[in-house]
Amino acid sequence: MRFTFLLPLVLLATTATAAPGRDDQLKPVSLQMAAAGQAALAAGKPQDAIDSFEAALASDPRNVAAFAGIAAAYEKLGLPGKAVKYYRDALALNPSDIAALEGQGRALVARGATARAQINLARIKALCKADCGAATRLEGVIAKASAQASAAPVKAKTTQE
């Protein structure tokens, strides 16, 4: 009973050193599979990339880059809804992952959720503090979507007689 006050300190120390998704703490096979996923994504093979990233997650479910990689592959496949979900999973592990915030912002814009993408943009700017390529790119995506939305012709309702 005398040592119960030490338990919170021990838990704090172990969680502080075991931050999820840090490359130096992930299983090597997970890193290798994630690298294979990145290579497949770069080669324009999103389905092969998804398979590799899923294998990376099977070996170590703390691999933030694998979640973000799956999301990026789903973006390439034109499935922004699935991309948003996997970016959310990556951000659950590391809320400060700028690449995942940017990717989720892009996917949100593709789904028409520019207001939610603006929240991601604000988070990126708060994390970067200075000039940030991710913020600039996401601002461009949001601005382009806003311009397209305002330039879209308004459809008039027609009635059948």
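**Reading the chain**

A: Begin with the secondary structure, which comes to eight helices and zero strands in this chain. The model is predicted.

Q: In what order do the elements of the chain run from the N terminus on?

A: The run is α-α-α-α-α-α-α-α.

Q: What pLDDT does the chain average?

A: pLDDT is the predictor's confidence in each residue, from 0 to 100. The chain averages 84, and 79% of the residues score at least 70. Over residues 1–19 pLDDT stays under 50, and the model has four contacts beyond four places in sequence for that stretch.

Q: At what angle do helix α5 and helix α6 pack?

A: The angle is about 155° between α5 (residues 80–93) and α6 (residues 98–110), and their axes lie 9 Å apart. Angles over 145 degrees count as roughly antiparallel, so α5 is roughly antiparallel to α6. The crossing of α5 with α6 is left-handed.

Q: Which residues in α5 meet which in α6?

A: From α5 come P80, A83, V84, Y87, R88, A90 and L91; they meet A100, L101, G103, Q104, R106, A107, L108 and A110 in α6. By class, the residues of this contact between α5 and α6 divide into 11 nonpolar, two polar and two charged.

Q: How many of the residues in the chain are buried, as a percentage?

A: Buried means under 20% relative accessible area. Of the 161 residues in the chain, 34% are buried.

Q: What share of the contacts with a separation of 6 or more comes from residues 24 or more positions apart?

A: In this chain, such residues account for 45% of those contacts.

Definitions and conventions
Residues are numbered from 1 along each chain as its sequence is written. This is a predicted model: local features need pLDDT of at least 70, side-chain atom pairs count only at pLDDT 80 or more; totals for chains, interfaces and linings use all residues. Side-chain values use heavy atoms; hydrogens and water are left out. Contact means heavy atoms within 4.5 Å. Axes are lines fitted to C-alpha atoms, for helices over the stretch in contact, and angles run from 0 to 180 degrees between N-to-C directions. Helices (H or I, at least four residues) and strands (E, at least two) are DSSP runs, numbered from the N terminus. Angles under 35 degrees count as roughly parallel, over 145 as roughly antiparallel, 65 to 115 as roughly perpendicular and the rest as oblique. A crossing is left-handed if the near helix is turned anticlockwise from the far one by less than a right angle, and right-handed if clockwise. Ala, Val, Leu, Ile, Met, Phe, Trp, Tyr, Cys and Pro count as nonpolar, Asp, Glu, Lys and Arg as charged, and the others, Gly among them, as polar. Buried means under 20% relative accessible area, exposed over 50%, partly exposed in between (1.4 Å probe, protein chains only).
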